[in-house]
Amino acid sequence: MTGTAMNTTAMKTILNTAHIYMIVGVVSGLYYRELTKIEDFTGQTQLGVVHTHLLALGMLFFLIVLALEKLFILSAHRLFGWFFTVYNIGLVITVAAMTVHGTLTVLGRSNSEVIALLAGAGHILLTAGLILLFILLGKRLASQPDSAREPAPEREIAEPAIA
């Protein structure tokens, strides 16, 4: 597969990932609203922030990664796969733990330590994924030729003709 085809494939994967997080984020907001309405629940619950986590750490984050992929072809480095996998697993675990914890709160059931441990593991994986992304960005920047880092020369702008 050529570099351009790899980049296009990676960009589609990143866009699809952002899209999936957007859909799941919107559905999780609907779940929160409907469950609390059915249970007549008015207190605080982690369900209230699951959709914002999915939209910010999922959709928006991967739209930013999409732009970075376009600029620096992150997928050309072997660390990209590690970053992508570790970050996504971390986000899925974190959001799943928040969803279970919030649902149990709304239903008036107690939460176990396992949920807290899972949430902690998810946050650790998210952090590891972010560290991998910054290492990856540094390596891709360092691998660019100096000419690619110089600003483009300024062009003269033609004055509009006055009639």
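Predicted model: local features only at pLDDT ≥ 70, side-chain atom pairs only at ≥ 80, totals over all residues.
Author: Residues are numbered from 1 along each chain as its sequence is written, and side-chain values use heavy atoms, with hydrogens and water left out.

Reader: Why is H2 called roughly parallel to H4?

Author: The axes of H2 (residues 47-72) and H4 (residues 113-143) come within 12 Å and cross at roughly 15°. Angles under 35 degrees count as roughly parallel, so H2 is roughly parallel to H4. The crossing is also left-handed.

Reader: What makes the contact of H2 with H4, by class?

Author: Contact means heavy atoms within 4.5 Å. H2 contributes Leu57, Phe61, Leu68 and Phe72, and H4 contributes Leu126, Leu130, Leu133, Leu137, Arg140 and Leu141. By class there are nine nonpolar, no polar and one charged residues; Leu and Phe count as nonpolar and Arg as charged.

Reader: Why does Leu47 count as buried?

Author: Buried means under 20% relative accessible area, with a 1.4 Å probe and protein chains only. Leu47 has 1% relative accessibility and therefore counts as buried. Leaving aside neighbours within four places in sequence, Leu47 is in contact with Tyr31, Tyr32, Leu35, Thr99, Gly102, Thr103 and Val106.

Reader: What span is expected of H3, and what does H3 reach?

Author: The expected span is 1.5 Å times one less than the number of residues. H3 (residues 79-106) has 28 residues and reaches 40 Å from its first C-alpha to its last, close to the expected 40 Å.

Technical notes
Axes fitted to C-alpha atoms, helices over the stretch in contact; angles between N-to-C directions. Helix = DSSP H or I, 4+ residues; strand = E, 2+ residues; numbered from the N terminus. Parallel < 35°, antiparallel > 145°, perpendicular 65-115°, else oblique. Left-handed = near helix turned anticlockwise from the far one by under 90°. Buried < 20%, exposed > 50% of the residue type's maximum accessible area, 1.4 Å probe, protein only.
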